Structure formats: C-alpha cells, structure tokens
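Here's a quick briefing on a few spots worth a look while you have the model open. Take a glance at the structure first, then read on.

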Amino acid sequence: MHFSRYAVYVTLPQGPLSDFGAAWLGWNAATGERPDAPVVHGLPLPAHEITATPRKYGLHGTIKPPFRLVGGMDFDALHDGFARFCATQAPVTLDGLALTRLGRFLALTPVGETGALATLAARTVEALDPFRAPLTEAELDKRRKSGLNNRQEALLTRWGYPYVMDQFRFHITLSGKLDRDTAEQVRSALLPHIEPHLPSPFTVEALTLCGEDSTGYFHELHRYALSG
C-alpha cells in the first residue's frame, strides 16, 4: 500500500477504550476495519455525522502532524530514524484522561501536569523534521485561513504546523466542530460509555508511526516502545 503522508501519533493499546473509540469514529486504524457505530442513546445527531471529520485519522493524539517525505528520503529511512529516536525516549505518565469540550469539538484530554508530554512531542517534531518536505504555498494558505497569531505563524513557517512546541495541546479527538449546546449533549450521551474505561493514570509507553492511504485514511504502521 502506498502512503502519501506520515504522522506520529499516540494510539491506545487494545482494550475497551480503544475498541469503543474505533467503533465510535467508524475507523480502526490498527486493523483497517470500519466497525459499526455503537448504540449511544441521547445523541442529537447520528454518530456518523458527528465523527465525519476525525474519522479518517482513527483514534489518536497527534505528536508530529502529517507530513510528506522530502526528496531523497524513503519509508525505510523514516522507519529506522523513528525507531532509533524512540529507543532514546522514556515513557511519560499522566494523571489520567478526561472527556472534555475543547472549543467546538469533543476530545479526551490529559488530567494534571503535561510538561513531560509536551517535551516529548517537541523532541519528536524536531528529530523527524529532516524527513519532512516543506509545505507548498497552497498548504500554507490553507493553514493560515484558521487565523494564526504571530507565534503560530512562526511555528508554521519553521516546523510546518502552527500548533507545536509551546502551542502544543495534547488531545484525542472524538468529534468534528459542533455548536456549544450540541457538543454538551454529545458529551453527556458519551460519558457513560467512555468514563468507566478512562485510564488513571495514563502512561504513554509508545509512539505510533502512521501512514495516509490514497483515500485519505490513516493506518497504524509501527508502534515503537519508548525504551530510553
């Protein structure tokens, strides 16, 4: 299978939370399957509509955003470089995860101090940057349409994405954009299904290299333990 872009994500180990999340989104990036949506009572919209935007990425938290390989680099070089990097990094433990509303979408977000995870993300972005092809003008313009501040513009220019380094906020997206009332209704409906499975603490023990196929869906390619 050919992949047009690659990304580094935090993915969840196999278990009730990852199974529910894959079914909720309608895409299992680990298996390449499209599971049926779970029965969730009280939703103001069909689950398929709520999850249309994040579906193709699978259940994940972004560490290094999607990028194309620069000329002269291939997947084997990326694979080897990423494996070596993960072998130098230690696991990160957070207090837990919570189901929250972030602006106009719902996500699982960290509980407590996140400095160690932000440091890991920054190191990942920097370490893999030699593999990243520069953004095209069209890609830059698309990013700028969201309205960036000066710092985010500088990060976009340097690292190809505006929400890295000090602008990084870890989250595992569960919906597309929703208005406030709709988001609260969805959160209330989801909470009984998700809350019993939320980890506390939550340890990031591995990072996952993912690839985007020709239809725009991401697949888990390799999951590397943080063994440093």
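Buried here means under 20% relative accessible area. Keep in mind that this is a predicted model. With that cut-off, Thr-109 counts as buried because its relative accessible area is 10%.

**Thr-109**
- You'll find Thr-109 in strand S5, which covers residues 105-111.
- Its side chain makes a polar contact of 3.0 Å with the side chain of Thr-100.
- Setting aside neighbours within four places in sequence, Thr-109 touches Gly-96, Leu-97, Ala-98, Thr-100, Leu-102, Phe-170 and His-171.

**Leu-117**
- Leu-117 sits in helix H4, residues 115-128.
- Leu-117 is buried too, with a relative accessible area of 0%.
- Beyond its neighbours within four places in sequence, Leu-117 is in contact with Ile-63, Val-92, Leu-94, Phe-168, Phe-170 and Val-204.
- Ile-63 is 54 residues away from Leu-117 along the chain, yet their C-alpha atoms are separated by 9.1 Å.

**Strand S1 and its partners**
- Strand S1 (residues 5-10) has five of its six residues buried, so the rest of the structure largely encloses it.
- S1 runs antiparallel to strand S8 (residues 206-212), and five bridges join the two.
- S1 also pairs with strand S2 (residues 61-67), again in the antiparallel sense, over four bridges.
- Tyr-9 has a bridge partner on each of these strands: Thr-208 in S8 and Thr-62 in S2.

Conventions
Residues are numbered from 1 along each chain as its sequence is written. This is a predicted model: local features need pLDDT of at least 70, side-chain atom pairs count only at pLDDT 80 or more; totals for chains, interfaces and linings use all residues. Side-chain values use heavy atoms; hydrogens and water are left out. Buried means under 20% relative accessible area, exposed over 50%, partly exposed in between (1.4 Å probe, protein chains only). Contact means heavy atoms within 4.5 Å. A polar contact is a pair of N or O atoms within 3.5 Å; within protein, one must be able to donate a hydrogen and the other to accept it, and residues adjacent in sequence count only if both atoms are side-chain atoms. Two strands pair if DSSP finds at least two bridges between them.
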